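Work through the exercises below with the structure in view. Try each task before you read its solution.

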Amino acid sequence: MAYSTNNSTNTISVTNFGAVANGIQNTRGAIQQAIDFFQSKGLAGTVYVPRGNYLCSGQLVITGNNITLQGEPGANLQAFDENDFRKTTVTGMNTGVLVS
């Protein structure tokens, strides 16, 4: 499947890769695919997370340069450890919390 970015800002939404903001479905794979979109092309860019609660079990890896994970106010990543079922919510993502 081909994706394109907003050419003026090189931004792509995690929802383009299937992330669902319901706080129930694990969206780690969709978020990682959005990150990998830029990494595979050697591009700088912003992976945008719209408002909502995104369950994320597992590690997100950013190895490319100048890739930012940025959410609008009200976007929350709920880190979920499948081994012990604890959740940690990352809020305040509108500042771009993950930059590599």
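**Starting point: surface and source**

The accessible surface of the protein comes to about 5,600 Å², of which 47% belongs to carbon and sulfur atoms. Such areas come from the Shrake-Rupley method with a 1.4 Å probe, and for residues only the protein chains shown count as cover. This is a predicted model, in which local features need pLDDT of at least 70, side-chain atom pairs count only at pLDDT 80 or more, and totals for chains, interfaces and linings use all residues. Residues are numbered from 1 along each chain as its sequence is written, and side-chain values use heavy atoms, with hydrogens and water left out.

**Exercise 1. List the elements of the protein in order.**

Step 1. Count them: one helix and eight strands.
Step 2. Read from the N terminus: β-β-α-β-β-β-β-β-β.

**Exercise 2. Describe helix H1.**

Step 1. H1 covers residues 28–41, which is 14 residues.
Step 2. Compare its span with the expected one, 1.5 Å times one less than the number of residues. From first C-alpha to last, H1 reaches 20 Å, close to the 20 Å expected.
Step 3. Look for a bend, the angle between axes fitted to the seven residues ending at a residue and the seven starting there. H1 bends by about 25° at Ile35.
Step 4. Go just past the end of H1: Gly42 takes a positive phi of about 70°.

**Exercise 3. Which residues of H1 are buried, and what covers them?**

Step 1. Set the cut-offs: buried is under 20% relative accessible area, exposed over 50%, partly exposed in between (1.4 Å probe, protein chains only).
Step 2. In H1, the buried residues are Ala30, Ile31, Gln32, Ala34, Ile35, Phe37 and Phe38.
Step 3. Recall the helix geometry: an α-helix has 3.6 residues a turn, so residues three or four places apart point the same way.
Step 4. Find the cover: it includes strand S1 (11–13), S3, S5 and S6.
Step 5. Take one case. Gln32 has a relative accessible area of 10%, so it counts as buried. Beyond its neighbours within four places in sequence, Gln32 is in contact (heavy atoms within 4.5 Å) with Gln39, Gln59, Leu60 and Val61.

**Exercise 4. Is Val14 buried or exposed?**

Step 1. Locate Val14: it sits in the loop between S1 and strand S2 (22–26).
Step 2. Check its relative accessible area: 0%, so Val14 is buried.
Step 3. List contacts, leaving aside neighbours within four places in sequence. Among them are Ala30, Ile31 and Ala34, together with Val47, Tyr48 and Val49.

**Exercise 5. Find the salt bridge in the structure.**

Step 1. Search for a side-chain nitrogen of Lys or Arg within 4 Å of a carboxyl oxygen of Asp or Glu. The whole structure gives one.
Step 2. Name the partners: Arg51 and Glu72, with their closest N and O atoms 3.9 Å apart.
Step 3. Arg51 lies in the loop between strand S3 (45–49) and strand S4 (52–56), and Glu72 in the loop between strand S5 (67–71) and strand S6 (75–80), 21 residues apart.
Step 4. Check exposure. Arg51 is exposed at 53% relative accessible area, whereas Glu72 is partly exposed at 24%.

Notes
Helix = DSSP H or I, 4+ residues; strand = E, 2+ residues; numbered from the N terminus.
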